[in-house]
Amino acid sequence: MCSGKHKRQRKDGRREKKKVDMLFLLSLLMGNPGSRTARRTFEFGRTHVVRPKGKHQATIIWLHGLGDNGSSWSQLLESLPLPNIKWICPTAPTRSVAILGGFPCTAWFDVGELSEDVPDDWEGLDASAAHIANLLSAEPADVKVGIGGFSMGAATALYSATCFASGRYANGNPYPVNLKAVVGLSGWLPGASNIKKKIEGSHEAVRRAASLPILLCHGTSDEVVPHHYGEKSANSLNAAGFRHITFKSYDGLGHYTVPKEMDEVRNWLTARLVLDGSRA
């Protein structure tokens with residue numbers, strides 16, 4: 001049998017453990033930032049790299065669309081005559097996606113509907129933008145860096161552009177990369193209605209926004225992300241102080257890319273990044 005002292009110690013221990021468990025539960029219910037981070041971890045998939053065939057002058061992270069992966073885009077980008085660019089094609093985490101009824105697939109963030117208002121998933125956007133920035137931070141200091149993407153990848157690239165301009169992510173952490181170019185194909189700007197307010201409160205943010213060239217391309221027959229979302233994104237960015245916006249429409253183009261559009265991307269990147277040329 002246990003002595004009275006041992007019984008009290010066991011009782012006190014159980015009481016202390018119960019107290020700790022209750023504090024942990026309360027921290028979850030109250031939305032403690034640390035506990036939320038611990039509960040939501042994002043495991044990114046494989047990253048595919050296309051090495052430059054000539055002198056390494058620029059590195060572009062290219063982001064795939066919903067349900068895709070980095071491999072398919074790395075194969076397409078390798079065929080582009082841009083010998084001075086290193087392409088990095090990461091793969092998004094697999095997660096349940098509200099717009100697909102909770103079906104799990106690769107996605108840079110969760111999305112319930114396309115909207116100019118506050119997106120459903122700032123946390124997911126921040127996690128993806130930070131992952132991309134970390135990849136770019138490892139590049140040599142004399143190499144120009146940029147981000148491009150298709151569909152949801154374009155949305156994430158445009159969100160990264162706003163983080164660069166404002167100097168921080170939505171969670172308040174500083175954005176660490178000096179972007180030189182952003183490309184978005186068949187995409188949209190998450191939280192577009194808040195962008196102007198995010199930029200205009202800071203002279204540095206206004207300066208960075210005005211310095212960043214952005215290319216947006218969109219098909220007029222896009223049935224997944226309608227063309228007007230691309231137009232509205234360009235208008236919202238311009239109204240927020242992004243002075244170097246190029247918007248290209250492609251008659252009859254659906255939610256896919258064509259050689260003419262990729263030629264536009266090649267020529268635009270060559271000019272904006274002042275690359276040595278389009279041939280090795």
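Hi everyone, thanks for coming. Please keep in mind throughout that we are looking at a prediction. Let me start with charged pairs. Side chains of opposite charge can pair when their charged atoms come close. In this model the count is five salt bridges, and I'd like to walk you through some of them.

Take Lys 86 and Glu 139, which form a salt bridge with their closest N and O atoms 3.0 Å apart. What does this pair link? It connects distant parts of the chain: Lys 86 belongs to strand 3, residues 85-89, while Glu 139 sits in the loop between helix 4 (122-137) and strand 6 (144-150).

Now please turn to helix 7, residues 203-211. Here Glu 204 meets Arg 207 in a salt bridge, 2.8 Å from N to O. Why can they reach each other along the helix? An α-helix has 3.6 residues a turn, so residues three or four places apart point the same way. Arg 207 and Glu 204 are three residues apart, which puts about one helical turn between them.

Glu 204 also has a salt bridge with Arg 208, this one at 3.6 Å, N to O. That pair is four residues apart in helix 7, again separated by about one helical turn. Because they share partners, the salt bridges join Glu 204, Arg 207 and Arg 208 into one network. As for accessibility, Glu 204 is partly exposed at 39%, and Arg 207 is partly exposed at 46%, whereas Arg 208, at 17%, is buried.

Last stop, helix 8, which covers residues 227-239.

Which of its residues are buried? They are His 227, Tyr 229, Gly 230, Ser 233, Ala 234, Ser 236 and Leu 237. Among the elements covering them are helix 5 (152-166), strand 8 (213-219) and strand 9 (244-250). After helix 8 comes Gly 241, with a positive phi near 110 degrees.

That's my tour. Happy to take questions!

Key. Residues are numbered from 1 along each chain as its sequence is written. This is a predicted model: local features need pLDDT of at least 70, side-chain atom pairs count only at pLDDT 80 or more; totals for chains, interfaces and linings use all residues. Side-chain values use heavy atoms; hydrogens and water are left out. A salt bridge is a side-chain nitrogen of Lys or Arg within 4 Å of a carboxyl oxygen of Asp or Glu. Helices (H or I, at least four residues) and strands (E, at least two) are DSSP runs, numbered from the N terminus. Buried means under 20% relative accessible area, exposed over 50%, partly exposed in between (1.4 Å probe, protein chains only). The expected span of a helix is 1.5 Å times one less than its number of residues. Contact means heavy atoms within 4.5 Å.
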